[in-house]
Amino acid sequence: MDLKERVCDELQKEVPKGASSTNFNTQHQQKWEDPSSTLDYSTRIEPPFQAFNQTSQTQSLLLCNNQIKVPMQDGSINDLLQASKIQDWDPSAMLNNLSFLEQKIHQLQDLVYLIIARKGQVLGRPDELLVQQQQLVTADLTSIIIQLISTAGSLLSSVKQTLSAATTSLGQCGEFGGVVFPSSAQRLNDGVQPQNAGGSKVSEPPNSIDITSNNGNEQNNHIVEEHELKDEEDAEEGENLLPGTYEILQLEKEEILAPHTHFCTICGKGFKRDANLRMHMRGHGDEYKTPGALAKPTKESSSEPTIIKRYSCPYAGCKRNKDHKKFQPLKTILCVKNHYKRTHCDKSYICSRCNTKKFSVIADLKTHEKHCGKDKWLCSCGTTFSRKDKLFGHITLFQGHTPAIPSDEIKVAPAGTSDGATNKVGSVNFNLSSYVSSESEVQSSSMDIKGGIDDAVGYFSPLSFDTCNFGGFHEFP
Amino acid sequence: MLLKPKMLSFQSSKNVLSLTEDLLVRIYELLAAESDRKSFRLVCREFRRIDSLTRRHLRVIRIEFLPILLGKYPRLQSLDLSACPRIDDGVVSLLLTRVGPGSNSPSLGHWAWGLKSLVLSRATGLRFSGLEMLTRACPCLESVDVSYCCGFGDREAAALSSAVGLRELNMDKCLQLTDVGLAKIAVGCSKLEKLSLKWCMEITDLGIDLLCKKCVDLKYLDVSYLKVTNESLHSIASLLKLEVLGLMACPLIDDVGLQFIERGCPSLKVIDVSRCEGVSSSGLIYVVRGHRNLLELNAGYCLSELSTALLHQMKNLNHLEVIRIDGARISETSFQVISANCKSLVEIGLSKCVGVTNMGIMRLVSACINLRVLNLTCCHSITDTAISAIAYSCRSLVCLKVESCNMITEKGLCQLGSFCLLLEEIDLTDCCGVNDKGLEYLSRCSELSCLKLGLCTNISNKGLSYIGSNCLKIHELDLYRCTGIGDDGLEALSNGCKKLRKLNLSYCNAVSDRGLAYIGRLEELSDLEMRALHKITGVGLEAVAVGCKKLADLDMKHCEKVGDSGFWALAYYSKNLRQINLSYCGISDMALCMVMGNLSRLQEAKLVHLSNSTVEGVELALRACCARIKKVKLFAPLRFMLSSEILEILHARGCIIRWD
């Protein structure tokens, strides 16, 4: 349904009621909250609509629909423009930020002076104090750096933004949450807040409600994330990240293999997704129901979009390990998990259909089981394919591999030649690599669906080739 | 040449024996014709030893002798088994395990070690296990021909792919071959330079793509008649060494695909896009624009008109030697452009072209003086003027085809006989202007080897006698429906044209037994068509059977008066007969059984409307030959009268039955 029509409809309904506007508005909002609605605008246009209603309701009753539309549109467009203007490079905000930074640096300077002075005076001080001081300094420094980067980052994105359409600029409002542009964030939160409040009335929500209540929110975010994804991809396309230009994180083995990554600080319950954790947290008290607590924590910390994080595999000697000569970093935590399980763990999941294929990632098993038995295109190395062109692509890639002719082993074997059999032994490894490639494709597609709910890190699915599939290619001659 | 040693041996036998072995080998190597070599090895034991030591090539006609022959020739490099399609896996395994200098010696199968070339065309009985044994036994194999092996499929291809040194491979009409088999070949034989895949209908773009990626040395690729699309051309365009590309009658290829060829295949010399429905002149423009050094362009039956844009591009083809634009509309001015720019043209094909006039031909030949082959079939408006111009300008003309050019008379032939003394082949079928006088002029071309005079009703024995006395090199003569030809003409022919191999006498009603007796003198004759000669009887056929020892193909449909004595003779003497057409002949059951059972090389027989034979007779005859017959044509109602057993046996043996 078109937005305009909808607004007019609502107005017409108002006529017989003629009730006070505020009451009506809440009712109104709830209607619009309808999770199935796909219009992202709904929540955002609310504030001007409210204002409009309050000021000129009586007038509007007399006017015909067409005439009402005009101010409505104007109002909303103005708002959009306003929002995007704020998003556009705002010199005053920048100045604020800079002066704030200056202050901080001065403070830090003072602190260091103080430390030096004290050092000179007292010699026999315990080390504990020194350590505390150091920590203080580093903490301050990091916060300065983050501020600086975020300031610079806002400038960067605003340049991009001028090129993008108004809708995407709206979407971006969410991206720059509170920190840099408090005003715009405020606006957004205003719009989002009532929704969440409505959803949170259920004390301990099961997953389904969790999703629906978040839905409108997620849809907003979805746009944001898509946009982010594009940005990220743009950056990735030319990705030949020089060593040192990105931050390398290395998770420990236990961390990687842990079933849950997000834990409730109160009851200790573990969750795979932080969104689920946040929903869970609401049950622990009202302070977790605020929009701030319910917003994506990654949003706030990712207010520095230019810091590129890359991950290293903890397995020594692995190409994905940061100490490897030709180190190729992994892009996301999910990549790390899948890579580690696929490459360095036992394959404990066995296909129940063929009883031969083993997997270490359960998703791989599931995708295999979908196609198991359908693979009739067989390579001499033992790998099977569901499609002829995939087999031929494989043969093109690997030297010496040929398509195997069904039943030729049975018939030819007595005659004394079975090049297929000898090849098989040598190239079980190929099996692995080729499977991985196919799995990652499937996964990435499923990731798209999950993406809206999952945290942003997980959203950048391991679509990229270097994460899994062709990495193995060089290792096998 | 061949008389020399004989003469020497007569004068003083010491001289011959004193010749050292290497000198004898040199003499032997100078003998080109197979018949000369045969005479050489019949001189004495020493000569035969030389023959067996130096012989490189062997073409076997009878599989029975194969084991002995292979044991005799240790230096064999090339073996042609296309004439014995009965070869199968069992024979191969026998040859490899039993044939050697001494039985049970370690060098068993030694003959295969040096073998480089193997022709297995039509060897339908050979399957993967036999091929596998062969490829394993022949480590030096470079060239294999398995064309028309209907059973050749992926598994056979897999067996063949272990011949890693393979450079040339012909797989025409291997109907069972799919992309998988081709992939086997492509991966296994990566040194392939020449590959022909005509009529391998199962091959798709995927196979071609893989082939082009794996066999980068390909110089010759023929994918004619395949259902491949422009995708394949995209892959083919990446072949840097490709010189010859055959795309004949590929229905799914169009101008867009040829655009890839424009940018790829930098070494391309020869391209054949004839009968490609999707290709138009704009596609050819792409090809011509990208390949200035093209030598051969074959675009028959795909152009409706030789457009000016294409002609404009063709100006750059200075090296072009062969162009065929059969079936296109062509204007007189285009001849001018071609002759002015393509000066090195050697062959022009203008068969069934519309707009070919005397003026056009005169303009064409004025500059293209190197022309050797000219095809003007069905260019009806050609007259003696054009022929004279051709004869005058193109002195080195070798082949001229003017079928159905009715306006050619003895004047044109006079010019040809005066100037084109190198002429070897001329097709005058359906040129009713040709008469005895014309043949007299033509007989001055003493190099003539192929003469087609079908439907020239104005020639008589007299004209044929000129040919017989002057054109001694003729090996193919077509006298189809030359009703003026009689026994005297054949007498003259048999006196002169001793090399005649192929003769068509169909519907020459005047020919009688006496004429066939003259035919019987032609020892080289292998192919005789004599349909509907109502005068001939068993006597004539007997003469032919006795005389023409090499007869392999005999068509005597509607020779109703030939009696059993002739067929008995045929069964007894014509041991080399491979194909026979006995339809509408009065052959009896006994004679039929004899013919079919006794002729051990017989592969194809047409046995429709045999008035004197019964169902039982046909059944017996089929039983007698079921082990070797490959193709048989039978009267349709017999399908239900013959026992199902014999039909099953024939089917199991791979025999194709055509019901008429």
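1. Across the interface of chain A and chain B, 5 residue pairs are in polar contact, both residues at pLDDT 80 or more (N or O atoms within 3.5 Å, one able to donate a hydrogen and the other to accept it; residues adjacent in sequence count only through side-chain atoms on both sides). The model is predicted, with local features needing pLDDT of at least 70 and side-chain atom pairs 80 or more, while totals for chains, interfaces and linings use all residues. Residues are numbered from 1 along each chain as its sequence is written, chains are lettered from A in the order written, and side-chain values use heavy atoms, without hydrogens and water.

2. The count between the chains A and B is 1 salt bridge (a side-chain nitrogen of Lys or Arg within 4 Å of a carboxyl oxygen of Asp or Glu). Lys388(A) and Asp179(B) meet in a salt bridge at 2.8 Å, N to O.

3. Chain A and chain B bury about 1,500 Å² between them, 70% of it on carbon and sulfur atoms (accessible area, 1.4 Å probe, lost on being put together and summed over both). On the chain A side, Phe392(A), Thr396(A) and Ile405(A) lose the most area to chain B, together 34% of what that side buries.

4. The contact (heavy atoms within 4.5 Å) takes 21 residues from chain A and 17 from chain B.

5. Within chain B, the axes of helix 10 (179-188) and helix 11 (205-214) come within 9 Å and cross at roughly 0 degrees (lines fitted to C-alpha atoms over the stretch in contact, angles from 0 to 180 degrees between N-to-C directions; helices are DSSP runs, H or I, of at least four residues, numbered from the N terminus). Helix 10 and helix 11 of chain B are therefore roughly parallel (under 35 degrees).

How values were computed: Helix = DSSP H or I, 4+ residues; strand = E, 2+ residues; numbered from the N terminus. Parallel < 35°, antiparallel > 145°, perpendicular 65-115°, else oblique. Buried area = accessible area lost by both parts, 1.4 Å probe.
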